[in-house]
Amino acid sequence: MDNCYDLIIIGGGPAGLTAGIYGGRAKLKTLIINKGTIGGMADNTREIVNYPGYVNTSGPELMEDFKRHAKSFGVEFLKDEVVSTDLYQDPKRIITKKKKEVYGKAIIVAVGTQPRLLNIPGEKELRGNGVAYCATCDAEFFEGEDVVVVGSGDQAIEEGIFITKFARKVTVIVLHDEGVLDCNKVSAEKALQSEKMEFVWNSTLEAVLGDENVEGVKVKNLKTGTSSILPCQGVFFFVGMIPATEFLKDSGIEMDHRGYVSVNDLMETNLSGVYAVGDNRIKYLRQVVSAAGDGATAAVAAERYIEELETFQKSILNSEKKVLLVFFNAADTQSLEFSSLMEELHKEHSEEYILVKVDMATKKNLAEKYSVTNAPAVVVLDKGKKVKDMECSTDKATLAGQL
């Protein structure tokens, strides 16, 4: 079916695109669903100087390289927004805003983050009319005008510096005492030395003012409690990011109170066959390079999951005979010897049973499905359902007596 895929990736930022590259290279039928511009937040980054192999590039250029790479492996792209999911069924169902239904054996969530709103008066009302969240996208519209930047982290200061290329003056509203910025030292020094940047310390924004367009902001000094009006024509908010996982709130995926997804080292969520990568997961570092690593890890893990799923369906669920599911550890001599013994036993009972060997190191999902924690182990199945666990023995006659 045209709407059925091995791997569906929700989100087309660096994590999602990397997952697509790895999925496509593994010959998985892969789809990337992305509601906006390919590249995510990276596409809004004017300059990238810390991605290995690229001494100096822009976000759009780097993301175009990612996309071209993914397409070279046959990855498909769908510009749409995912609004609901059913991640418990197999294959898993994805429904988009345009009423399109697609199905995937494995799902990777790579939706990233979005700007946090202060939700002060005038912010929502004047969004797009002077209120902005992306300097790369909107700075040029403020040529020769006065602009306010809210925030003092890396994004706020670096974007503020970029805005000075267009604006007459950039005023930065900072919560902290004079001279204290949350950004890296290099950006801080550059900003503080800029003739076009001014700073309002110990302050926060109370409101954005204007009827049809931004005309100014109301600023409150946190030490004195006094408020003042600062005329301007634009306001850029850089007060943090929040995960874009709202659409997953009823999906069953475990998230923290902020909406960041909890995963293990393989990027696996609490739901089988569902992974989360990039900025929308709980992690220490949120950079293009770390997002790419997440995507690669998840795609490889998903490939193995799909292989297990197909093995389960072909060899186990569809078997007319009972199944001897033999779990072994390839690094353990005793486990390998037991596996060989079971193969000998199977030859004598091949009319009634089929034998499926499972390496615990590479097919842990099957082990979890049948509650196997140690190897060697044998589970007897009939139509995919567990009949019993066999007691392991080095004596073939003892094993035969359990069949």
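Which residues does the UniProt annotation "domain: FAD/NAD(P)-binding" cover? I looked it up: the unreviewed entry gives residues 5–295. UniProt positions are in the numbering used here, with feature names shortened, and annotations may be inferred rather than shown by experiment.

I note that this is a predicted model, where local features need pLDDT of at least 70 and side-chain atom pairs count only at pLDDT 80 or more, while totals for chains, interfaces and linings use all residues. Residues are numbered from 1 along each chain as its sequence is written, and side-chain values use heavy atoms, leaving out hydrogens and water.

**The annotated span.** I found the end C-alpha atoms of residues 5–295 to be 18 Å apart. The span is 19% helix and 28% strand; helices (H or I, at least four residues) and strands (E, at least two) are DSSP runs, numbered from the N terminus.

**α1 and α2.** I checked helix α1 (residues 14–25) against helix α2 (residues 59–72): they pack at about 25°, axes 8 Å apart. Axes are lines fitted to C-alpha atoms, for helices over the stretch in contact, and angles run from 0 to 180 degrees between N-to-C directions. I therefore call α1 roughly parallel to α2 (angles under 35 degrees). P14, L17, T18 and I21 of α1 meet M63, F66, K67, H69 and A70 of α2; contact means heavy atoms within 4.5 Å.

**E308.** I located E308 in helix α6 (residues 288–317). Why is E308 counted as buried? Because its relative accessibility is 4%, and buried means under 20% relative accessible area (1.4 Å probe, protein chains only). Leaving out residues up to four places away in sequence, I see E308 touching T362, K363, K364, N365 and L366.

Definitions and conventions: Buried < 20%, exposed > 50% of the residue type's maximum accessible area, 1.4 Å probe, protein only. Parallel < 35°, antiparallel > 145°, perpendicular 65-115°, else oblique.
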